[in-house]
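Welcome, and please have the viewer open while you read. This briefing goes through the fold, the domains and the contacts one topic at a time.

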Amino acid sequence: MLKKKKFDYTGVLSSVFAILIGLLMGFVILLLCNPSQAVPGFFTILTGAFTHGAKGVGQVFYYSTTIILTGLSVGFAFKTGLFNIGASGQFIVGGFGAVYVGIMCKNLGSIHWVVALLTGVVLGALWGMIPGLLKAFFNVNEVISAIMMNYIGMYGVNWFVKSYKPIFNNIRNESKPVLETANIPKMGLDKLFPESSINGGFLIAVLVVILVYIVLDKTTFGYELKAVGYNRDASRYAGINEKKSIVLSMVIAGAIAGLAGACLYLAGTGKHIEIVDVIADEGFTGISVALLGLCHPIGVLFAGIFIAYLTAGGFYLQLFEFSVEIIDIIVAIIIYFSAFALMVKLILSKLEKKKGMAEQVNKTPPNDPKQERGGEEA
Amino acid sequence: MSVVYFIFQQTMFFSIPLLIVALGGMFSERSGVINIALEGIMTMGAFTSILFINLTGNSMSGQGQLLIAIVIAMVTGVVFSLFHAYAAINMKADQTISGTALNMFAPAFAIFVARIIQGVQQIQFNNTFRIDSVPVLGSIPVIGDLFFKNTYITTYMGIAILIISTIVLYKTRFGLRLRACGEHPQAADAAGVNVYRMQYAGVMISGALAGLGGLVFVVPTSTNFNASVAGYGFLALAVLIFGQWKPIRIMWASLFFGLTKAVAAAYSGIPFLNNMGIPSYLYKMIPYIATLIVLIFTSKNSQAPRASGVPYDKGAR
């Protein structure tokens, strides 16, 4: 929704600008709180991820896997004109599917993890499909139905896990660990980043990023999805089945978020579904990642790694008696200023357009569809 | 009969904050600015006002303290919402982005500051604000039990805000201009309305009401504030859409949601429902499922304010 032409560098430049402001404000906050520790504290934010060398880098990639995927889910939906605020629900339902297969299906051998992963994808897709169907056929705003689906998914998963003995660990009030065969293989990444929690999930995430990029930018199917996002009525007039496009957009967004859940709970790092009545945070982090990455798949990839990197550094901040929330504050400021950066971009492109218009005085002024559309419905 | 009263009172605890915040969101969206930062503004409003109650807990108590806390919550909300207004109106930013930024900032800020001030992130407070029975009115049969027992002054404020909002939106010049800005800002501008000023007003009202809603949500349901309003800002957004951006419909939507929520929270105390043997999780899911079903039947003609979410650009054609 933010960009429609081929890659242009003003977007990246303005993101870098926002990041610098965010970091600067973070430094100022540290200074205000505790001037003597501010400099080493800030240094830790920037380099903390490297504290344990290759292991630390591996942890960054491990942590980024989930948020890249939820970010991609939200970003993809944005590109097709939908606001997928329901990534949290799709995430937890997908994670549940993966855990269920991971514990219950015992005789699948080496394809066990693939089946578990795909179950997560399918359940996530299903959870995304419902708001899609409601939007396409009953004109239900996808924001509200997705918020409802978040809660239904969260309570449903808690209910199921808690009442189903074979997958419930009632001492720790969470799901049991999945079987060894259901864990995503390391795919050689443990050799590159010894001792870290990284696994094949990261490679899968990168693969999905590339896949989404190709589908959105290089295929007719992706073009149709985006066209419906820009203008539903015009797309129908152009012969696109706009209802199908809306449903498919949400199905794909849901599938990616479901994959995120599956990747987290099949990582073999001791992550279990905790029975707490709270919406999963990952979906909302996904919104931040998507926006920071300008909703472009490749941008989302880097934004996810960047936020994971800051979070890893923030973890060590506790050594200096700062709370880790400073990282969230910094990221929030970065996102806030990235919204400004879009304005800067708009000014730049307007200047260019004015130049273009001056050159072709007598021709009819070109229409700018972006002005009309602007913000999608939210 | 006492069960009915109990459910009714519980419904109020859930509905009133939703109503207040959704009405706030309505003012913003009817002026043309989408405000998904309601959650963050609620958190900030609750944070500063609960912190005030915590810090003055030894020297003050009762309704006077609550009233000052209410003012603090509203002022906080207005100040915090100005960030959204500036980004959305002056900088013509994508309103989802700045809203998301505010949502992310608020809980982090609340935890960060609470830790600096008192070492832990939970802020405890003494609830000295509950009114057992309003004098005179509380002794009226039935009505007294429904409306004037086991209540808070915030409940009446919520109802007052609903009435005032309806009048302001539909019966005043300000309301007409605000709605015009949300539907066709260019036309409003041509008629001499200062669109930017109206949109600032809309966002600031939403900030005040969302900040207040944060306090109203926390006080009856908890005795500490843990940097979160449990997704109520997003639910209020849902109620706003459910209520199709109209005050009276928003009231029905929030009552509907509050009632199902109250039943889910209190069903074990109701013999009839408890005996049916329905698992508690199903009750917890019912408010959301029921809302979805109602939406299917009521959304066919649902239409957001036309210019909502589109930054107003004077020069645009």
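Helices, of at least four residues, and strands, of at least two, are DSSP runs numbered from the N terminus. With that counting, chain B has 13 helices and four strands. Please keep in mind that this is a predicted model.

**Chain B as a whole**

- For its 317 residues, the globule rule gives a radius of gyration of 20 Å, and chain B comes out close to that, at 20 Å, so it is as compact as a globular protein of that length.
- Laid along its principal axes, the C-alpha trace of chain B spans about 65 × 50 × 40 Å.

**A helix pair in chain B**

- Helix 3 (residues 62-90) and helix 9 (residues 195-221) of chain B have axes that come within 6 Å and cross at roughly 140 degrees.
- Angles over 145 degrees would count as roughly antiparallel; at its own angle, helix 3 of chain B is oblique to helix 9 of chain B.
- The crossing of helix 3 and helix 9 of chain B is right-handed.
- Sorted by class, the contact of helix 3 with helix 9 of chain B has 17 nonpolar and nine polar residues, and no charged ones.

**The two domains of chain A**

- Where the two domains touch, domain 1 of chain A supplies 10 residues and domain 2 of chain A supplies 11 residues.
- On the domain 1 side, the elements giving two or more residues are helix 1 (9-33) and helix 14 (325-359) of chain A.
- Helix 14 of chain A gives the most to that side, with seven residues.
- By class, the domain 1 side of this contact in chain A has seven nonpolar, three polar and no charged residues.

**Helix pairs in chain A**

- Helix 4 (residues 87-104) and helix 6 (residues 142-163) of chain A pack at an angle of about 25 degrees, and their axes are 7 Å apart.
- Helix 4 and helix 6 of chain A are therefore roughly parallel to each other, and their crossing is left-handed.
- Look for Ile92(A), Val93(A) and Phe96(A) among the residues of helix 4 of chain A that meet helix 6 of chain A, whose own contact residues include Met149(A), Met154(A) and Phe160(A).
- The residues of this helix 4 and helix 6 contact in chain A divide into eight nonpolar, four polar and no charged.
- Helix 8 (residues 200-218) and helix 13 (residues 297-316) of chain A have axes 8 Å apart and pack at about 155 degrees, which makes helix 8 of chain A roughly antiparallel to helix 13 of chain A.
- Val206(A), Val209(A), Val212(A), Tyr213(A) and Leu216(A) of helix 8 contact Pro297(A), Ile298(A), Val300(A) and Leu301(A) of helix 13.
- That contact of helix 8 with helix 13 of chain A has nine nonpolar residues, no polar and no charged ones.

**Where chain A meets chain B**

- The contact takes 42 residues from chain A and 47 residues from chain B.
- On the chain A side, helix 5 (112-138), helix 6, helix 12 (281-292) and helix 14 of chain A are the elements that give two or more residues.
- Helix 14 of chain A gives the most to this side, with 14 residues.
- The chain A side divides into 28 nonpolar, 11 polar and three charged residues.

Note on methods. Residues numbered from 1 in each chain as written. Chains lettered and ligands numbered in written order. Predicted model: local features only at pLDDT ≥ 70, side-chain atom pairs only at ≥ 80, totals over all residues. Contact = placed C-beta atoms within 7 Å. Nonpolar A, V, L, I, M, F, W, Y, C, P; charged D, E, K, R; others polar. Axes fitted to C-alpha atoms, helices over the stretch in contact; angles between N-to-C directions. Parallel < 35°, antiparallel > 145°, perpendicular 65-115°, else oblique. Left-handed = near helix turned anticlockwise from the far one by under 90°. Rg over C-alpha atoms; globule rule 2.2 N^0.38 Å.
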